[in-house]
Structures are given as C-alpha cells and as structure tokens.
Amino acid sequence: MYSIIVVPPTTTEDERDRTQLRLAPGERITFGRLARDNDLAIAHDGVSRRAGAITAQGAFWTLSNLSGGQTYVVENPEGAGEHIKVGPGRLDAPVPFEFSRIVLPAAGDLLPIQVWAPRHDYLRTEGGLAGDTTAPAFSVDRTKRYFAVLAALCEPRLRGEPHAPLPTVDQVVDRLRPNWPAASRTSVQWNIDYLAVKLRLKPGPEEADTGPRLNGKKESLVSLALRFDLVREDDLIVLTAAPTGRVAR
Amino acid sequence: MTEPYAVPVPSGYRVGAWEVRAPIATGAFGSVYEGRRTGGAGDLPRVAALKFLPTGTDTPRQLAHLRELVEREIDLYRRLTRPRLIRMYETLVVDDPARPRLDGATVLVLERAQRSLADLLSAAPRPAAGPALLAQICEGLAQLHHAGWVHGDLKPANVLLMPDGSARLADFNMAAELEGTHAYTPAFSTPDYTPPELLWAEIGERGRRIRPSADVWAFGVLAHLLLTGSFPLPGGTPSARRDAAAAYARGHDELRLAPQLPDAWREIVRDCLARTHADRIGTDALLRRVEAAAGTGRSPKLPRAPLPRRRRAVLALVSAAATVAVAALGYGISTWADSGTTGGASTSGKSTSATYGASELRTDKGIPVQYRRLIVDSAHDCLQHEVSPALIAAMLKTESNFDPGLSDPTAGGEGEYGIARWTPSVLRWWIRSDGIPAKKTPQPPLTPAQSIPAMARYLCFMEPRLETSLPGDRRILIAASYRTSYKKVNAAGGVLPQTRAYTVRVAHYLKEYTPPVKK
C-alpha cells in the first residue's frame, strides 16, 4: 500500500545496495546524522543531527527542513533543471515530481536522497472521469523516460511480431540515443527497475530459479504492458527523433 | 456532462434480429443501446439491452485487453444463469465492412433493465427501498460466489433495477472464476469500492489476485452509500478516500460510520469493512444477516458447493468466535470445527517463495522453490489437516521426482502425465476448483498449476471417505488411495500389497519434509 519510495544516498562505495524505504500515505520518516534520532541515518559530518522529514501524502510527498541554516534543493532529474527550494524551518513543503533528488549540502559534498512517487495519477486518453469509473490500475506518464524505455522494449512485438525476441539493454540504448543522448546501460537498466516497481510487477515463480533474472523482468514488463495496452502502436512515436529544436546539442 | 459514446451506433441500425433504438448508457469499455426484436425466434423477448463492445480489428484503437474482458463477460453469462444476475440471450458479431468502426464489434443481447442503481441514487439518495435492494444485491453476490465466481467491480452502476423494482447484478467484465481461494482479474478497479489490500496490489502476468472478500468490501461501501447517502471513508475526492482506506487498513485510523446508520446495518457494514480480508464476513453469513436486517424473507438456501473447500469460513471461525454459529449455518461445516486448528498455520503472504510455508514444509530438503506456493496453497484449500503441504510434496516427489514433464503413456490404460502422474480421465473430475468436472478430458502436457491443486482436491475428497477404523497413519492411507482408490483401501483394510513400496517412499519423504517442531 506504499506510495512513496525513499532511496538513501550512498555514502561509501561498498554500500551500494542500501534498502529502499517504502512509505504508505500518512507515514513519515526523519533523516539526519544520528541513527539514534532518525529513521534514516546519513553518516556525514556536514549533515544536521535532525536534518529533515519526509511525509507521504497520498500519491505525493512533503519535505520538512529541520536544519538550522541550510536550504535544501529538490531537483527533478528529468525536468531540465526544474527544482524547488525548501528553506530552513519550512515544514511540509509539497513536492510535485514523480522522481526527485533532495540535495543536502554537506561540507562541500552533495548527498542526494532520491524519492520516487510511482503512484502519480495521469489522465487517460479515454478521458478518465470521477472515481466512479472503472479505471486500470496503472497510470503512466507518456513524457517520462521510463515510457520511452518501455516503448522501445515493446516495439518489436507492436510492429507485428508477437514472439519477436526482446531487444537487449544495449539495443534499447541505441534506439533511444537520438532523443536521449545521455542514454546508457545503467540509466536504461535503472528505468527498467523503476518500471518494475511502478507497475508493481510481481516476481514470477520462475524468477526464484536460476537463469537470467533480468530477462524475466523485461519479459514480464512487456507482456504486462501489451496485455493492458499501456503502450500502443501509435505510442511508438516517442521513439522517433524529436523536432530539431528539442534535440540536445 | 456528455461523454463520447465508446461505440456510436445509429438509431435504426440492424444487428441480427435486433433494431437499435435509443442509447442507454456508456461505460469504460462499451456502449449499451435499447434493442427491439424485429423477427427471429419466439423465445426472445421483444426488447433487450444491446451491449456493443469494440472488438473489431479496425476500431480506432486495437485494444488487446478489451478482447479478454469481453471473453470474461461472455464466459460468465454462458455458464451462469441465476435469478439475481442479468441474463444474456445471445451474442452477435457485427459484420459490416462499410462501417469500419462497427465491423467486428461484439454485441451482447442482455435482459433489459429499467435503470441502474446509480441512476436511482442520483435521482433520489437514500431510497426507501434501500434495505430490500441490499438484500437482493447480497443474494446476487451469494449466487455468484456459490458458483465459484468473484464479481470484482460491484458498484451502483453495475446493479440494475428491473421494472418491478428488483435488483440484479450486471457487468461481469472483471468477474473471474475462483481457482482455490483466489481468482485473477484484470487490473482494473473502481477506487471507491476497492478493498485496501488491492490498492496498489502486486500484479502478476495473469492479472491481480482477488478473493470473494473483495466483493464483500464493495458491498459494505454500497450499503453505507445506499442507507446514508455518503461513503463510509472520509474525504471529498476518490483519492482522499483511497488514502483514508489505506490509513484505516494499516490501523492508523478507526472506522467512523455515519451516525444515521441503523444499528443492525452498522454491524453489517463494519463486518464487511474489516481491515483484512480474513476478518471480513463470509458471503453466506452476510446474506442471512442482511436479510434479517432488511426484514425480507430468507432466500431459498443455496445448494452447497460439491467439494469442501471453504477454508475462509474456518479462518472466520477461529478468529471470531461470535460468528461460529452463523458461519456453520451457512457452510454446514460444524463437524469440522475441531479441525480448525490448521487455520493458525497459514503463512504470511509477504514471505518470499523460497521460504513460503516454511513452518509446514522444510526449506532445506530440495523441494523445488517454484512449486512451494502451489503446494502450500493447495493444501491450505483443504480443510482436512491430514492433507498437508508435506504430504503433497512427498507424494509429488514419489510420483514424479517433481518432474512437470513426466510422460508415461504406457502406465495404466491410458497413461500418466505431469508432476502428479495424473491419469487424464481421472484428472477431469478434479481439475476445476468449483468441483464441476471439466467438459473435456484434459490433454497432456498437464501443468503443475493444474496437477497440484487437483491432487489436493482429490485427496481432500477421499480423506473423509476412508474409514476411521483403518489402522496406520491416515496420511499414508490417503496416499495409498491416490494410487488405487479409497474404496479399495477400505475393502483391503489398509494399504494394498502392490502399493506398499510406494507408501514406504511417501512415508520417508513425508518425514523428511515435515519441519521438526510442529508449530
């Protein structure tokens, strides 16, 4: 029932797989330097003892800045520089982004805490109405990179080959590069992992087996997306090169 | 607010024996028109509701999922005719290449209702007939659940009112047939009527797992709305109410029902809106209480499902002593009440598949992880505690060494196949969770998902039929009956000589797979 995921910063190299924290609406975590006082400890001398709090509010979240004098910046990594500032002492500032990076200025280092809000709702093309209509359980933002990744994964099958092999991560990177010059294996992989969270993919029983787990995840994503028409043939337009004005560089 | 019709059909359009008249309603998936019969067979009514679903190949958007939804609905209508469910007379497919948007559309010819409960509520909130309508809606749910189906989308728009004012359930796009304790429905829902455990629930490739208790939750919401004019959970928008439902389910908030709700109904709504699905009232007990509260006569007692498979009722017995009498009345399980201790063994749904059911099935003895969930869940669907996960695992090990591809065409008269070595003509009787034999004999390959639950059902059927005077471990006698039959085991007064080697192996693995400390 969680609606918000907090991904703690990596303070040391070997701490790559720190647990993500999942918050249900109304739940709150505090973060700061001391593990004793906070739900999420950020062991860095430049961070306040009680630095702030994150509260899940339905599908979005709010940030409280509990520090004495630092302004926190919440960036939208896909927003071309879009960000909000939360000054010291500000409580429960609402954050509208689906992906956010809270940057804590800490004695010269910048420690990013990622916060995902995968339950944001979007209007569907059918013109989704009030809460009384039967609605699909998924809501995707067609302007986000994850949607382009999903479209690239679904492309061979949408082009009329129902059993076509799925593109590899490298092929997806190549496919997306014209519109997304910075695409890389890692960023595509990150988006695949995020999609699995967002679409609430249930790990299949065969995934517990050995074998290429990654492949199972891609396969499940594509079959879910096609089964529920999350990506349709006319959505493949996101893969074609954008008008010249928008291409970076 | 005018909505675009999902399928525009001109008035006067002819499809089959029907002429399309005025539009009635449009929903997320299709549009309904009134139809008037212009000829055709005499057993069809003069007017009907024509539900057009855009399944054609040339419709603007080729909706793959729509086809599945349509098939679900048609499947249910074909197989279920119950007094409180809208009837389907026939299905037609539009063949009209000149109209590409209509060509290929599926048309369901349905019983014509006067209006929907949603229409009634928007015209007159808190109708005087509310309690009687609720009794009829609940009766419809009980008929559906007894037939082994879950509605999945109960709400006022899907309850139709007939000219005589009686209510019937309709719109079965989300309905699903139970497989054991669960069914799989497409991942669609109406937020205000969705139980908290399905909010943002995990979705597998087969869709979302749903239980009959989801309909019970929706019924609780509907009852509150019908009797008080407001939703039971606070909030001005569906998303605010969704968050309130989530907070309530996590125990952060109490249920505060409207004060004008009469006491008898307050208890009913409260039991429908229990935080967890296991605490919710069973459909049969609910029906009796709704009928008592509504002051309507008792509906004729529904026939019991042919196989004992109602574990949920036992859980209710364990958790809420107060409902014992009612639940026993509904399910006729009073004789099993003393075996209810198995209820405590159910494992948390959160555990991963590798440790799934670890309290009843060892994790370190080479039982393939991918079958644990099937084995444990199938055993839990049986109320006889002898039919345990360890017994099923031991039998699968002995039968096939967990080989799903086992194929032994020469065994017996017609061969044995799959992980549980089923003889297909016998499997036919046990393959369906509702106890009805399959129409056709299943053909190999037989998947573990078919074989294992069917094995549990068959064992569950035989256990009470084995005489209690037989000597030896009952679990071994059950295994021996699987190889021969319970009649042969009863007649021989125990394990037959030719199955002795088999039962020795089962006994060995049974011991090996059972965790050392029982509970």
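In chain A, the loop between strand S3 (28–32) and strand S4 (40–41) contains A:Asp37. Helices (H or I, at least four residues) and strands (E, at least two) are DSSP runs, numbered from the N terminus. The structure is a predicted model, in which local features need pLDDT of at least 70, side-chain atom pairs count only at pLDDT 80 or more, and totals for chains, interfaces and linings use all residues. Residues are numbered from 1 along each chain as its sequence is written, while chains are lettered from A and ligands numbered from 1 in the order in which they are written.

A:Asp37 counts as partly exposed because it has 13 C-beta neighbours inside 10 Å; a residue is buried if 20 or more other C-beta atoms lie within 10 Å of its own, exposed if 12 or fewer, and partly exposed in between, with C-beta atoms placed from the backbone. Leaving aside residues up to four places away in sequence, A:Asp37 is in contact with A:Gly32, A:Arg49 and A:Arg50, a contact being two residues whose C-beta atoms, placed from the backbone, lie within 7 Å. The C-alpha atoms of A:Asp37 and A:Arg49 are 7.8 Å apart, and the two residues are twelve apart in sequence.

Chain A as a whole has four helices and twelve strands. Of its 249 residues, 33% are buried. Where contacts in chain A join residues at least 6 apart in sequence, 50% are between residues at least 24 apart.

In chain B, helix H5 (residues 238–249) has twelve residues. Its buried residues include B:Pro238, B:Arg242 and B:Asp243. After H5(B) comes B:Gly251, with a positive phi near 85°.

Conventions: The expected span of a helix is 1.5 Å times one less than its number of residues.
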